[in-house]
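Me: I'm new to reading protein models. Could we go through this one together, one question at a time?

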Amino acid sequence: MQFGAVTDIGMRRRINEDSYCINNSEAFPYAMVADGMGGHQAGEVASMMVVDIVNNHLKKNLDESLDYVEAGETVRQAFISANSIIYNYAKNHYKIMGMGTTATFAMIYQNKVITAHVGDSRAYMIGDDIRQITKDHSYVQELVSRGEISPEMAKNHPKKNYITRAMGAEDTVKVDISIKPYNGEIIVLCSDGLTNFVEDNEIMEYIKGEKSLQEGAEKLVALANSRGGGDNITIVAVEREKCDNEHR
């Protein structure tokens, strides 16, 4: 298993409200990226909480007897639990009331990649090409989906940072779960501090073109910063070599 991970404050922010985690286990390798929002340091609190809660939930509840559908449901329940805890915590602490966070998660299990997603951080699969495997929960993505603006117009839309779904913002949350075949691709998770400044083809170029996933991640962060670095930047890349004896 190979990993690369970087989180950076960027060029304009005073604190880093992004968080991430990596679970480097043989049975359940996974990673998660969260991008917090809210006044004061509430975003930082929310993103750290969601990563910690989901991580702890999964370490207690994932078991190799689960099939991949059951594993996906375990991940979804971890997100539901985290949302409830964050929402109630914020409700009882007025200084951070209204805080929330994105949360994007990917786990390689058996011959599948399981993703869970809320917000506008992203998950990609990189093989012969790069595919975004999450759909942004954002105002501009809704406009694109309805055909009102083009994807190119969305990149410079004045409301491109308005998200329509977040962890901890409401007492319940809808979590997007996907289960896709895994054949040795590189999985990349990142916050919008990267994708607002770097194109998808550039993510693929740097991740595949450097000596290691870590070097690729570091160079992508440097590239985003060189173009303004207007937000916190986090990227995590994960790769597992394909096993010949795995069932297809």
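Me: Is the crossing of α1 and α2 left-handed or right-handed?
Reply: Keep in mind that this is a predicted model. A crossing counts as right-handed if the near helix is turned clockwise from the far one by less than a right angle. The way α1 passes α2 is right-handed.

Me: Which word describes how α1 and α2 lie to each other: parallel, antiparallel, perpendicular or oblique?
Reply: Two packed helices are described by the angle between their axes and the distance between the axes. Here α1, which covers residues 42-61, packs against α2 at about 140 degrees, and the axes are 9 Å apart. Only angles over 145 degrees count as roughly antiparallel, so the two helices, α1 and α2, are oblique.

Me: Is V69 buried or exposed?
Reply: The word exposed is used for a relative accessible area over 50%. V69 has 51% relative accessibility, so this residue counts as exposed.

Me: How many salt bridges does the structure hold?
Reply: Side chains of opposite charge can pair when their charged atoms come close. One of these pairs is K219 with E210, where the closest N and O atoms are 3.1 Å apart. In the structure, the number of salt bridges is eight.

Me: How many residues apart in sequence are the parts that E202 and R227 tie together?
Reply: The side chains of E202 and R227 meet in a salt bridge, at 2.8 Å from N to O. E202 sits in helix α6 (residues 200-209), while R227 is in the loop between α7 (213-226) and β11 (233-239), so the parts they tie together are apart in sequence by 25 residues.

Me: Which residues are linked with E142 in a network of salt bridges?
Reply: E142 pairs with R146, with 4.0 Å between the closest N and O atoms. E142 is partly exposed at 35%, whereas R146 counts as exposed at 51%. The residues linked with E142 in the network are R146 and E148.

Methods: Residues numbered from 1 in each chain as written. Predicted model: local features only at pLDDT ≥ 70, side-chain atom pairs only at ≥ 80, totals over all residues. Heavy atoms only, no water. Buried < 20%, exposed > 50% of the residue type's maximum accessible area, 1.4 Å probe, protein only. Axes fitted to C-alpha atoms, helices over the stretch in contact; angles between N-to-C directions. Helix = DSSP H or I, 4+ residues; strand = E, 2+ residues; numbered from the N terminus. Parallel < 35°, antiparallel > 145°, perpendicular 65-115°, else oblique.
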